[in-house]
Amino acid sequence: QGQPVESGGGLVQAGGSLRLSCKAERMITSVFWSTDFSWHRQAPGKQRDLVAETTSAGANNYVESVKGRFTISRDNSKKTVYLQMNNLKSEDTGVYYCAARIPGSGDYWGRGTQVTVSS
């Protein structure tokens, strides 16, 4: 019941924008409120790396390479976490995964959504 579902990936030209969504529809609302979420990226042939995270306390953190370009946000009423990606670069290409860290339960991963940035 904790597994999130990602959507919003696609093919975009360098400099373009995409908004990814991570919906935890089956999660109880009160659990969603207390859950930390993160976005991770796995480029072809590389390991999966953290891109951005948002905590239940309202803190948002980003890796240096996306600061100023990506924005993570959450809508607790919709049980959805977003990743707004602007000024995309070819190195942003990869599969983007959403992870939910549920207190007392563990980490739940989505199946990912593909983002391809053409130069």
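Core and pockets of a predicted model

The residues lining the largest pocket divide into five charged, four polar and three nonpolar. This is a predicted model in which local features need pLDDT of at least 70, side-chain atom pairs count only at pLDDT 80 or more, and totals for linings use all residues. Residues are numbered from 1 along each chain, and side-chain values use heavy atoms, without hydrogens or water.

Q: Why is Phe37 called part of a nonpolar core?
A: Such a core is a set of buried Ala, Val, Leu, Ile, Met, Phe, Trp, Tyr and Cys residues joined through side-chain atoms within 4.5 Å, where buried means under 20% relative accessible area (1.4 Å probe, protein chains only). Phe37 is among the residues with the most contacts inside the largest core, which has 24 residues. β9 (94-102) supplies the largest share, four residues.

Q: What makes Trp39 a contact of Leu83?
A: Contact means heavy atoms within 4.5 Å. Leaving aside neighbours within four places in sequence, Leu83 is in contact with residues including Trp39, Phe70 and Tyr96.

Technical notes: Buried < 20%, exposed > 50% of the residue type's maximum accessible area, 1.4 Å probe, protein only. Helix = DSSP H or I, 4+ residues; strand = E, 2+ residues; numbered from the N terminus. Nonpolar A, V, L, I, M, F, W, Y, C, P; charged D, E, K, R; others polar.
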